[in-house]
Amino acid sequence: MNLFASSSSIAAVFLVLLSLFSCQHAAAVTQLDVDGYYQQTLGKTVFIKMFAPWCGHCKAMQEDWEELAKDYEGDENILIAEVDCTMDGGKELCDDLGAEGFPTIKYGDPYELNDYYEERDYKNLSSWAQKTLKPRCSYEKQEFCTEKQKPMVREIAAMTWDELESRLDEIETILEKEETRFKEEEAELQKQLDSLDEEFKKKKKEIEQDGLFKLMKQTRDYLEKQSVKSDEL
């Protein structure tokens, strides 16, 4: 029996199994990008880590994040996910979601995320998630709606497709008009600021170039340097 060949075979099998285990372990975390974001998060409460592969803090919490993701794997209401902010599609999504530094962790409604500032180890992540991440009220999951939300969902459920589209178009038109108004007023304010800045610089230059002012400053500097104190010059 060739012990060397046997040992090599065992080592090879071990490496294959280790590789498979690593792939399964890593696969527990859903990867998001800008193209599939809303389809993947539809109707779910999310917990998202935005990271860069070179980030030390990101690496330190990776195993804890993967373990948390495995706890919620297949959950219909809660999604634990991550975004590689250095990849195509990931960078744009990180920008859209307001990533600032790495890791940036956010949670809640995919359309309106909140910042997570708590500890990043598995024990604290898991405890916090169990207390905080709850199913969201939605058209398809009305059982999770509060008494305040239920009438709104019933109103939406009674609409036809055309009525729903029409209402959304109306609201989006209002939002667009408000955004346009904001940008116009912002531009006007910027013009005023630019004008004030120009006026200030002009006035400052006039004062600084005044002969008496320059002479007075020079005199003060000279007297301070010579330690001369006088009530009259």
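Predicted model: local features only at pLDDT ≥ 70, side-chain atom pairs only at ≥ 80, totals over all residues.
1. Let's start with strand 3, residues 78–84. All 7 of its 7 residues are buried, so this strand is largely enclosed by the rest of the structure. Ile78, Ile80, Glu82 and Asp84 point one way, while Leu79, Ala81 and Val83 point the other way. Note that Glu82 and Asp84 are among the buried residues.

2. Next, the partners of strand 3. Strand 2 (residues 45–51) runs parallel to it, joined by 7 bridges, and Phe47 stands opposite Ile80. Strand 1 (residues 30–31) also pairs with strand 3 in the parallel sense, over 2 bridges; here Gln31 has Glu82 as its bridge partner.

3. Strand 2, helix 3 (residues 56–71) and strand 3 together make a right-handed β-α-β unit.

4. Now the aromatic rings. The whole structure holds 8 aromatic pairs. In one of them, the ring centres of Tyr107 and Trp128 are 4.7 Å apart with the planes at 80 degrees, so the pair is edge-to-face. Tyr107 sits in strand 4 (residues 104–109) and Trp128 in helix 5 (residues 122–132), 21 residues apart. Both are buried.

5. Trp128 has a further partner in Tyr116: with centres 4.8 Å apart and planes at 75 degrees, this pair is edge-to-face too. Because Tyr116 lies in the loop between strand 5 (112–115) and helix 5, the pair ties together parts 12 residues apart in sequence. Tyr116 is buried as well.

6. Phe47, from point 2, returns here: it forms one aromatic cluster with Trp65, Tyr107, Tyr116 and Trp128.

7. Finally, have a look at Lys49, which lies over the face of Phe51 at 4.2 Å from the ring centre.

Conventions: Residues numbered from 1 in each chain as written. Heavy atoms only, no water. Buried < 20%, exposed > 50% of the residue type's maximum accessible area, 1.4 Å probe, protein only. Helix = DSSP H or I, 4+ residues; strand = E, 2+ residues; numbered from the N terminus. Pairing = 2+ DSSP bridges. Right-handed = clockwise from strand over helix to strand, strands pointing away. Phe/Tyr/Trp six-rings, centres within 6.5 Å; stacked < 30°, edge-to-face > 60°. Lys NZ or Arg CZ within 6 Å of the ring centre and 35° of its normal.
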